[in-house]
Amino acid sequence: MNFLPEEIEAYVESHTRAESEILSKLNHETWQKIINPRMLSGHLQGRVLSMMSKMIRPNRILEIGTYTGYSALCLAEGLTEDGILVTIDVNDELQWIQDKYFGLSPWGKKIERHFGLAKDIIPALKDDFDIVFMDADKENYLEYYHLLMSRLKPGAFIFIDNVLWSGKVLHEPHPNDIETKVLHALNELVNKDERVENVLMPIRDGLMVLRVV
């Protein structure tokens, strides 16, 4: 679903700094070879993530949902000199494409990967994170949110992808549509949670940006 007229979206893309050659090749190969390539953050959202990371200058980033590694590379652009990005994914079948592009990128050595269930891995992580990017299994977003809020310090940021869910959050979901139900409940929870300040940005499929207060 396009939330902006196509000509406006094209204008926005053409007036946003181009992705790097490595990211462009990763973008192309993902669309060429990988199932569900719409899961890729892509040019515009990737540049937004990069810009916000550079503004915050995080020392530690947590990403829930690696996919082919595009968003990890974008977020890593803003890391401090000794910064680390920890990324979690349940699917190790995409490790080959991550290996390829992490190896080509100057940020690849700053990325630490974990494969498995995020709800099991997150509690075992020792770091205090400055940024968390959530782009994984939507039905578990509420669980991830509660896990994160129990350990994030004031000043930390959370970016949550797909919160507009192609506009489905505007309508009463089908009884079996767990993902839409969870996303709507999450949006409502975040908006009322006095522990955070938030803005929902209509970028791509909706990006919720939160700051822990």
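Modeller: A salt bridge here is a side-chain nitrogen of Lys or Arg within 4 Å of a carboxyl oxygen of Asp or Glu. Keep in mind that this is a predicted model.

Colleague: By this rule, how many salt bridges does the count come to?

Modeller: The rule asks for a Lys or Arg nitrogen and an Asp or Glu oxygen within 4 Å. Applied to this predicted model, the count of salt bridges comes to 12.

Colleague: Take the salt bridge of K100 and E29. Which of its side chains is buried?

Modeller: The N to O distance is 2.9 Å. K100 sits in helix 5 (residues 95-104) and E29 in helix 2 (residues 21-33), 71 residues apart. K100 has 38% relative accessibility, so it counts as partly exposed. At a relative accessible area of 5%, the buried one is E29.

Colleague: Which residue is linked with E29 and K100 in a network of salt bridges?

Modeller: K100 and E29 already meet in a salt bridge. The network links both of them with one further residue, K33.

Colleague: K54 forms a salt bridge with E77. How many residues apart in sequence are the parts that the pair ties together?

Modeller: The closest N and O atoms are 3.4 Å apart. K54 lies in helix 3 (residues 42-56), while E77 is in the loop between helix 4 (70-76) and strand 2, so the tied parts are separate in sequence by 23 residues.

Colleague: Is E77 buried or exposed?

Modeller: Buried means under 20% relative accessible area. E77 has a relative accessible area of 15%, so E77 is buried.

Colleague: R113 and D99 also meet in a salt bridge. What relative accessible area does D99 have?

Modeller: The N to O distance is 2.5 Å. R113 belongs to strand 3 (residues 111-115) and D99 to helix 5, 14 residues apart. R113 is partly exposed at 27%. D99 is partly exposed too, with a relative accessible area of 37%.

Colleague: Why can the buried residues of helix 5 be put on the same side of the helix?

Modeller: The buried residues of helix 5 are I97, Q98, Y101 and F102. They are put on the same side because the arc they cover around the axis is only 120 degrees.

Colleague: And what covers these buried residues of helix 5?

Modeller: The buried set is I97, Q98, Y101 and F102. What covers the set includes helix 2, helix 4 and strand 3.

Colleague: Turn to the largest nonpolar core. Which element gives the largest share of this core?

Modeller: This core has 32 residues, and L62, I64 and I160 have the most contacts inside it. Elements giving two or more residues include strand 1 (60-64), helix 7 (141-149) and strand 5 (157-161). The largest share is 5 residues, from helix 7.

Colleague: In strand 5, what is the bridge partner of V132?

Modeller: Strand 4 and strand 5 run parallel, joined by 4 bridges. In strand 5, V132 has as its bridge partner I158.

Colleague: Is the aromatic pair of F157 and F159 stacked or tilted?

Modeller: The count comes to 1 aromatic pair. The rings of F157 and F159 have centres 6.5 Å apart and planes at 50 degrees, so the pair is tilted.

Methods: Residues numbered from 1 in each chain as written. Predicted model: local features only at pLDDT ≥ 70, side-chain atom pairs only at ≥ 80, totals over all residues. Heavy atoms only, no water. Phe/Tyr/Trp six-rings, centres within 6.5 Å; stacked < 30°, edge-to-face > 60°. Core = buried A, V, L, I, M, F, W, Y, C linked by side-chain atoms within 4.5 Å. Buried < 20%, exposed > 50% of the residue type's maximum accessible area, 1.4 Å probe, protein only. Arc of directions from axis to C-beta. Contact = heavy atoms within 4.5 Å. Pairing = 2+ DSSP bridges.
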